[in-house]
Amino acid sequence: MPIFNLIDAAEFQGDKLRKKNLFSSRRMFFDIYCLEPGQEQSLHSHTDNDKIYLVLQGQAEVTLGAERTTLHPYEAAVASAGMTHGIANRSPDRAIVAVVMAPHPSFGK
């Protein structure tokens, strides 16, 4: 049975946000994104995949389409398929964000 302590699993790197995969199947993936202050994920979209961002620690600015908002611990945002999205750490502290995407983009529909 896969059980994860998401804070203990966090790994940061200095040059860009660290994406760490915790679980992956043909149907979905479950990652944590670890962002140092100033790090961000470029805006992008996925034609056939929904994505959920859930802030675990710190705060993160999420962009969904034309809207931007800051998420705090235990707040989540959903990027529906086709919606432009991205996440950034504009705070002075580290941020840890759980990310789920379905279906898994490497396997298609």
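How many bridges join E3 to E8, and in which direction do the two strands run? The two strands run antiparallel and are joined by 7 bridges. The model is predicted: local features need pLDDT of at least 70, side-chain atom pairs count only at pLDDT 80 or more, and totals for chains, interfaces and linings use all residues. Residues are numbered from 1 along each chain as its sequence is written, and side-chain values use heavy atoms, with hydrogens and water left out.

The protein contains 1 helix and 8 strands, where helices (H or I, at least four residues) and strands (E, at least two) are DSSP runs numbered from the N terminus. In order from the N terminus, the elements read α-β-β-β-β-β-β-β-β. The radius of gyration, taken over C-alpha atoms, is 13 Å, which agrees with the value near 13 Å for a compact globule of 109 residues; the globule rule is 2.2 Å times the number of residues to the power 0.38. The C-alpha trace spans about 40 × 40 × 25 Å along its principal axes. Of the 109 residues, 39% count as buried (under 20% relative accessible area; exposed is over 50%, partly exposed in between, with a 1.4 Å probe and protein chains only). Contacts are defined by heavy atoms within 4.5 Å. Among contacts between residues at least 6 apart in sequence, 63% join residues at least 24 apart.

Five-strand pairing is described next. An open sheet of 5 strands has the order E1-E2-E8-E3-E6 with antiparallel pairing, two strands being paired if DSSP finds at least two bridges between them. Strand E1 (18-24) and strand E6 (76-79) are the edge strands, each pairing on one side only. Neighbouring strands of this sheet are turned by 20° against each other on average, direction ignored; the axes are lines fitted to C-alpha atoms, for helices over the stretch in contact, and angles run from 0 to 180 degrees between N-to-C directions. Strand E2 (residues 29-35) is joined to strand E8 (residues 95-102) by 7 bridges, again antiparallel, and Phe-30 has Val-100 in E8 as its bridge partner. On E3, Val-55 stands opposite Val-97 in E8. E3 and E6 run antiparallel and share 4 bridges; Val-78 in E6 is the bridge partner of Ile-52.

The structure holds 2 aromatic pairs (rings of Phe, Tyr and Trp, the last by its six-membered ring, with centres within 6.5 Å; planes under 30 degrees apart are stacked, over 60 edge-to-face and the rest tilted). The rings of Phe-4 and Phe-30 have centres 6.0 Å apart and planes at 65°, so this pair is edge-to-face. Phe-4 lies in the segment before helix H1 (6-9) and Phe-30 in strand E2, 26 residues apart. Phe-4 is partly exposed at 34% relative accessibility, whereas Phe-30 is buried at 17%. Tyr-33 and Tyr-53 also form an edge-to-face pair, 6.4 Å centre to centre with 70° between the planes. Tyr-33 belongs to strand E2 and Tyr-53 to strand E3 (residues 50-57), 20 residues apart, and both are buried.

Gly-65 lies in the loop between strand E4 (60-64) and strand E5 (67-71) and is partly exposed at 34% relative accessibility. Not counting residues up to four places away in sequence, Gly-65 touches Met-83 and Thr-84.
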